[in-house]
Every structure is written in C-alpha cells, then in structure tokens.
Amino acid sequence: QVQMVESGGGLVQPGGSLRLSCAASGSIFSINTMNWYRQAPGKQRELVAAITRGGSTNYADSVKGRFTISRDNAKNTVFLQMNSLKPEDTAVYYCKVRLKLGTLRPEVDYWGQGTQVTVSS
C-alpha cells in the first residue's frame, strides 16, 4: 500500500553536512506530521525533528541550530539538512510519517528503512 524510501546517509567528517530525504508513495490520501528519528548503538531511538503539514517544526535540543527539517507536500517527501555534524550524531536515521489511506480511515504511522549516518575523521 505504502512504500517508504530513504536516501542520503553516508560517512562524513566532523563539521561536514549531509541531506537526508524520505519519500512516501502509494495509495496515500493525506500526510499529517513527518518526523526524523535516530538510533545510536546501545541507545534508544530518539526524535530528532518534526514538521507538520502546515510547516511548523520542532527539534531536539541537541540538533537545534544545526539541523533543518523541511517537506515537499506535492511529492510526499521530507528532508533533513544536517550541518556542523558531530561524532555524536552518528546513528541510523529513520523517517516516520503519519498518514491516512482514505478520508474515513484512521491515521497510521509508516517508517522508513533507515539510513546510516557516520561522522568520523
């Protein structure tokens, strides 16, 4: 029904930048919030950034001023621009979208497959 495709991860030196993207496709009626989470080895998954359909954003304190979340509603895609990356940003990054498959259907969450971000010299 819904396919989620993430891209943009990789290896970057401290202070560098990466841009993640996550596209949702399929029988989607509407998308509400779009989020980015991350999970480092041995740690719980944490919310990094969120954006509503109207464009309101929220960030974890650890990434404020360095990361920017944005979305393209026409393409059902969410982005995460990551600047001034630090080694502690190393993690698998996951997107999550809350969407409806029909006007009378309840909202459900779909997750991307995850993309590895490694910050190391």
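Tyr 37 is buried, at a relative accessible area of 16% (buried means under 20% relative accessible area, exposed over 50% and partly exposed in between, with a 1.4 Å probe and protein chains only). The model is predicted, so that local features need pLDDT of at least 70 and side-chain atom pairs count only at pLDDT 80 or more, while totals for chains, interfaces and linings use all residues. Residues are numbered from 1 along each chain as its sequence is written, and side-chain values use heavy atoms, with hydrogens and water left out.

Two aromatic pairs are present in the structure. Rings of Phe, Tyr and Trp (its six-membered ring) pair if their centres lie within 6.5 Å; planes under 30 degrees apart count as stacked, over 60 as edge-to-face and the rest as tilted. The pair of Tyr 37 and Trp 111 is tilted, because the ring centres are 4.9 Å apart and the planes stand at 55°. This pair links distant parts of the chain, with Tyr 37 in strand S4 (residues 30–39) and Trp 111 in strand S10 (residues 108–111), 74 residues apart. Strands (E, at least two residues) are DSSP runs, numbered from the N terminus. Trp 111 counts as partly exposed, with a relative accessibility of 37%.

The rings of Tyr 94 and Trp 111 have centres 6.5 Å apart and planes at 80°, and the pair is therefore edge-to-face. Tyr 94 belongs to strand S9 (residues 91–100) and Trp 111 to strand S10, so this contact ties together parts 17 residues apart in sequence. Tyr 94 is buried, at 16% relative accessibility. Together, Tyr 37, Tyr 94 and Trp 111 form one aromatic cluster.

One disulfide is counted, a disulfide being a pair of cysteine sulfur atoms within 2.5 Å. The bond joins Cys 22 to Cys 95, with an S to S distance of 2.0 Å. The torsion about the S-S bond is about 50°, so the disulfide is right-handed.

Methods
Helices (H or I, at least four residues) and strands (E, at least two) are DSSP runs, numbered from the N terminus.
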